[in-house]
Structures are given as C-alpha cells and as structure tokens.
Amino acid sequence: MKTVKEKALEIAQIMKDLKGENVSVLDVSRLNSWTDFFIIVTVNSSTHSSGLRKAIKDYVKENDMEITVPNKKIPDGDDWNLVDIGPVVVHLMTEEARNFYDLEKLWQAGEKLM
C-alpha cells in the first residue's frame with residue numbers, strides 16, 4: 001500500500017507529464033492540522049487546468065482517495081483552482097496568481113520534496 005507521500009509525489013509527476021509547469025511538492029504536515037502535502041502547479045490556460053484536474057480525479061479514483069467538495073470553484077475566475085484530497089491539496093495556478101500569492105514563500109518552513 002502506498003503512503004500519502006508516495007501518492008503526492010505520483011500526482012506531482014502526473015502534473016509534470018501533462019505539461020504542468022514549475023511543479024512543487026511541499027510537506028506541510030508539521031505546520032498545520034488539516035493537510036500534509038501541497039502540490040503547486042503553474043497552468044497556462046483554463047483548458048490546461050481542467051485537463052490536469054481531470055487527471056487528478058482519475059488518479060484519486062484509482063488510488064482509493066477522495067476529493068473534498070469536488071465541484072468547488074473560486075468565484076473570481078480561473079487564476080487559482082484548488083483540488084482538496086484531504087491529506088494532499090493541489091493548487092493549479094496561473095503564473096500571475098502563483099507569483100502574487102507565492103505559496104512557497106508563505107509555507108517556506110515546509111520541506112520541499114520536489
């Protein structure tokens with residue numbers, strides 16, 4: 001059986017394989033009580049984001065995981081879409097949103113795995 005860390009790294013690799021840019025995996029388990037890993041991915045369009053989201057959904061089904069609030073969308077647009085899988089949270093962000101929110105800096109105390 002795969003660990004959550006292994007699953008997070010596999011999801012990150014899928015994001016890379018599907019042309020997600022600048023993929024990062026942060027272990028934030030010591031920093032909060034609500035998730036263990038962040039995967040941060042830069043997307044180049046809403047269509048790209050939708051494709052990556054579908055790939056995540058397929059992986060989740062195949063690996064006995066569950067997406068929390070599967071159809072939740074940020075009302076302000078497609079700059080940042082979040083996929084909450086409980087112990088893994090995937091952030092699909094445009095380059096502009098990623099630079100503005102700078103999650104890697106905000107969560108810099110977390111261990112960077114990728």
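**View 1. Strands E2 and E4 run parallel and are joined by six bridges.** In this predicted model, strand E2 covers residues 37-42 and strand E4 covers residues 88-93. Look for Phe37, which stands opposite Val88 in E4. Helix H1, residues 4-17, packs on the sheet. H1 touches strand E1 (21-27), E2 and E4. The direction of H1 makes about 5° with that of E2.

**View 2. Five strands form an open sheet with mixed pairing.** Read across the sheet and the order is E3-E4-E2-E1-E5. Strand E3 (80-84) and strand E5 (111-112) stand at the edges. Each has a single partner strand, so one side of each is left without a neighbour in the sheet. E1 and E2 pair in the antiparallel sense. Five bridges connect E1 with E2. Here Asp27 stands opposite Phe37 in E2.

**View 3. Strand E2 is largely enclosed by the rest of the structure.** Why does E2 count as enclosed? Six of its six residues are buried, so the rest of the structure largely encloses the strand. In a regular strand, side chains alternate between the two faces of the sheet. In E2, Phe37, Ile39 and Val41 point one way. Phe38, Ile40 and Thr42 point the other way. All of these residues are buried.

**View 4. Helices H1 and H2 cross at roughly 145°.** Helix H2 spans residues 46-62. The axes of H1 and H2 come within 10 Å. Their crossing is right-handed. From H1, the contact uses Lys7, Glu10, Ile11, Ile14 and Met15. From H2, Leu52, Ala55, Ile56 and Tyr59 take part. What kinds of residue make up the contact of H1 with H2? Seven are nonpolar, two are charged and none is polar.

**View 5. Phe38 and Trp107 make an edge-to-face pair.** The structure holds five aromatic pairs. Two numbers describe a pair of aromatic rings: the distance of the centres and the angle of the planes. For Phe38 and Trp107, the centres are 5.1 Å apart and the planes are at 85°. Planes over 60 degrees apart count as edge-to-face, so this pair is edge-to-face. Phe38 lies in strand E2, and Trp107 lies in the loop between helix H4 (103-106) and E5. The pair therefore ties together parts that are 69 residues apart in sequence. Phe38 is buried, at 2% relative accessibility. Trp107 is buried too, with a relative accessible area of 18%. Trp34, Phe38 and Trp107 form one aromatic cluster.

**View 6. Trp80 and Tyr101 make a tilted pair.** Their ring centres are 4.7 Å apart. The planes are at 50°, so the pair is tilted. Trp80 sits in strand E3, and Tyr101 sits in helix H3, residues 95-101. The pair links distant parts of the chain, 21 residues apart. Tyr101 is partly exposed, with a relative accessible area of 41%.

Terms used: Residues numbered from 1 in each chain as written. Predicted model: local features only at pLDDT ≥ 70, side-chain atom pairs only at ≥ 80, totals over all residues. Heavy atoms only, no water. Pairing = 2+ DSSP bridges. Helix = DSSP H or I, 4+ residues; strand = E, 2+ residues; numbered from the N terminus. Contact = heavy atoms within 4.5 Å. Axes fitted to C-alpha atoms, helices over the stretch in contact; angles between N-to-C directions. Left-handed = near helix turned anticlockwise from the far one by under 90°. Nonpolar A, V, L, I, M, F, W, Y, C, P; charged D, E, K, R; others polar. Phe/Tyr/Trp six-rings, centres within 6.5 Å; stacked < 30°, edge-to-face > 60°. Buried < 20%, exposed > 50% of the residue type's maximum accessible area, 1.4 Å probe, protein only.
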